[in-house]
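Subject: Structure for your files, with notes

Hello,

Here is the structure I said I would pass on. My notes come after it.

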2 protein chains.
Amino acid sequence: MGGDHGPPVVIAAVARAIATLPDAVSFLLHGDEPAIAAEMAKHKQVVARVEIRHSDKVVGMDEKPAQALRRAKGTSMWNAVEAVREGQAAAALSAGNTGALMAISKLILRMCADLERPALVTSIPTPRSVTTFLDVGANIDCDAARLVEFAIMGEAFHRAAHGVPKPTVGLLNVGSEEMKGHEEVREANRILRLGGLDLDYRGFVEGDDITRGAVDVIVTDGFTGNIALKSMEGAARFMNSELRNALTSGLMATLGAILARPALRKFRDRMSPPPAAPLLGLNGIVLKCHGGASDRDFAQAIRVAADLARSDFSAEIERNMRRLPAALAEQAPPEGAPAEGDTPQGAAE
Amino acid sequence: MGGDHGPPVVIAAVARAIATLPDAVSFLLHGDEPAIAAEMAKHKQVVARVEIRHSDKVVGMDEKPAQALRRAKGTSMWNAVEAVREGQAAAALSAGNTGALMAISKLILRMCADLERPALVTSIPTPRSVTTFLDVGANIDCDAARLVEFAIMGEAFHRAAHGVPKPTVGLLNVGSEEMKGHEEVREANRILRLGGLDLDYRGFVEGDDITRGAVDVIVTDGFTGNIALKSMEGAARFMNSELRNALTSGLMATLGAILARPALRKFRDRMSPPPAAPLLGLNGIVLKCHGGASDRDFAQAIRVAADLARSDFSAEIERNMRRLPAALAEQAPPEGAPAEGDTPQGAAE
């Protein structure tokens, strides 16, 4: 029921997705039965793969999470997450209210990590593949242990979503030397370096490594991650609009742009954000699809959900999470703080 | 003597700059006299405006700041900054080692703000103008008072460099609501809201506001600022390379690109980073020009230095800095921490 478009987009997406998904994948659709049934009449091929679970209530797109939570029971969103807890569904997918989805998922499924709330992960395009980047806004204050948890979860997600057997992991910082950055990232770096966890950790990376693809997974706190993501989105939007201006600035430029149109369109598609973000750190798979998703986006999100559900994702996270207390205990503060003195951390050159 | 090119670029830049600067602007060139004189022979028009100050020593581009500082006395960099302290120069400009320039400037000129080291400011293009953005990497751990100091210095810089009478100021955060973000930004927001300073403060802004131009000056700590800047630079580089790939992907695209070449070149120029970054928070004007600067870039940096030197920049900063202690004292912690509960701070929607 969520997102800007509701059932029409969801049903059309299911129709798209079943064309490429194995027969074993089927769908529970939670929401207003008449509205769903009306849309299904337009996509008869989905009927055999879908079961409708009626609910009278929905979570509003602009309800505050606390407010949504008080009356969440029996909403389509609640029922979708509850179906994961009961083992009826292998994953839940929603284009609805992000904050409410986090709060409801946390309440029903409980966290497997010691986080304030589920971490938000996104995928950023790079020349050869994508970078898995987290947390992009859910956990503002993160100590070293939280950053290590992000590394564990992001690594398992990258393997499940992209089939990379052993993803490489980096920690976002203002320079690559050990003494750079604030205490939390330096401590997380020491824990990850110890090697007690099953991770291919490569050390510190910088902001421009996100789009360079220096490592597969880049970890940061939710404050920095949200600002880095939005800064990049803003820069991309600005460049697209400047490019449009440049390519309509005269006859020759316009003519050139018309000839290059298919190439420019492919370029734009490649730059568009991924449709689905898993909420990481829950005992169960929940994905958030962005509210304005088209049926093509939502179908892509369904495929990611199916990939995660079929992978060892949750078991892998659990295995590494069990190793974490030992790694934390082993990590004693170093003898004397590293000498920083007048070294300009992260200065431009 | 600094930068990737040394005297050839600096002298050519002086030649470029004097063509547009008032006659009253003259230059002290610190460095190896024979090398400077040899270059000046190629640009005779600069002779009347230039005085050479010979120095035997230079700071190496890759010396650590602490190491550079120990033997800095008598280097061309030291002498350039010392000339500012002695009132012989109104501003110092260097394309040399950033860390050494910061350390030497801090030692000779002393800080007017309570910062670890001078703040680095950059200018980001927006549809209608530029955003002044700081700190981009010099001060990693910033409390609320430091963020307010950045606001004071960035505002004065923006007025001096861009002639905007009353620049608007925003604080970078993960959302625009008062309860968002970590304690330091919330406290800085309260201090700036009190109105004890002479600033047009507009509240919190988000990462995509940097390129949107929502406000003239955007303030953040050096950790977040460095990562946001490098993320945007990386995104821009990635988009440029993808665009190049798209526009060489076939005959029509290539033909289109050739027709649109002047427009595409203008687009690239518009996206290139600014040549000069002032070091803010010093009792005196010092600017860092990037090491790879061309003579055109360096001439532009000279113009920014001259604009700053002719403005009321330093006096304006001093005036607001004197108001700061009262503003800090007035700002008492609010009754009980703001209720955050399950509100996802900075969640994607």
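Predicted model: local features only at pLDDT ≥ 70, side-chain atom pairs only at ≥ 80, totals over all residues.

Residues are numbered from 1 along each chain as its sequence is written, chains are lettered from A and ligands numbered from 1 in the order in which they are written, and side-chain values use heavy atoms, with hydrogens and water left out.

Interface

Chain A brings 79 residues to the contact and chain B brings 78 residues; contact means heavy atoms within 4.5 Å. About 6,100 Å² is buried between chain A and chain B, with 65% of that area from carbon and sulfur atoms. Buried area is the accessible area (1.4 Å probe) that two parts lose on being put together, summed over both.

Eight residue pairs, both residues at pLDDT 80 or more, are in polar contact across the interface of chain A and chain B. A polar contact is a pair of N or O atoms within 3.5 Å; within protein, one must be able to donate a hydrogen and the other to accept it, and residues adjacent in sequence count only if both atoms are side-chain atoms.

On the side of chain A that touches chain B, the elements giving two or more residues include α3 (65–70), α5 (98–109), β4 (119–125) and α9 (222–246) of chain A. Helices (H or I, at least four residues) and strands (E, at least two) are DSSP runs, numbered from the N terminus. The largest share of that side, 19 residues, comes from α9(A). By type, the residues on that side of chain A are 40 nonpolar, 23 polar and 16 charged. Here Ala, Val, Leu, Ile, Met, Phe, Trp, Tyr, Cys and Pro count as nonpolar, Asp, Glu, Lys and Arg as charged, and the others, Gly among them, as polar.

Salt bridges

A salt bridge is a side-chain nitrogen of Lys or Arg within 4 Å of a carboxyl oxygen of Asp or Glu.

One joins Asp208(A) to Arg237(B) (3.0 Å, N to O). Asp208(A), Asp209(A), Arg212(A) and Arg237(B) form one network of salt bridges that share partners.

Another pairs Glu206(B) with Lys230(A) (2.3 Å, N to O). Glu206(B) is in the loop between β7 (200–205) and α8 (209–212) of chain B, and Lys230(A) is in helix α9 of chain A. Both Glu206(B) and Lys230(A) are buried; buried means under 20% relative accessible area, exposed over 50%, and partly exposed in between (1.4 Å probe, protein chains only).

Within chain A, Lys42(A) meets Glu39(A) (2.9 Å, N to O). Lys42(A) is exposed, with a relative accessible area of 57%, whereas Glu39(A) is buried at 11%.

Regards
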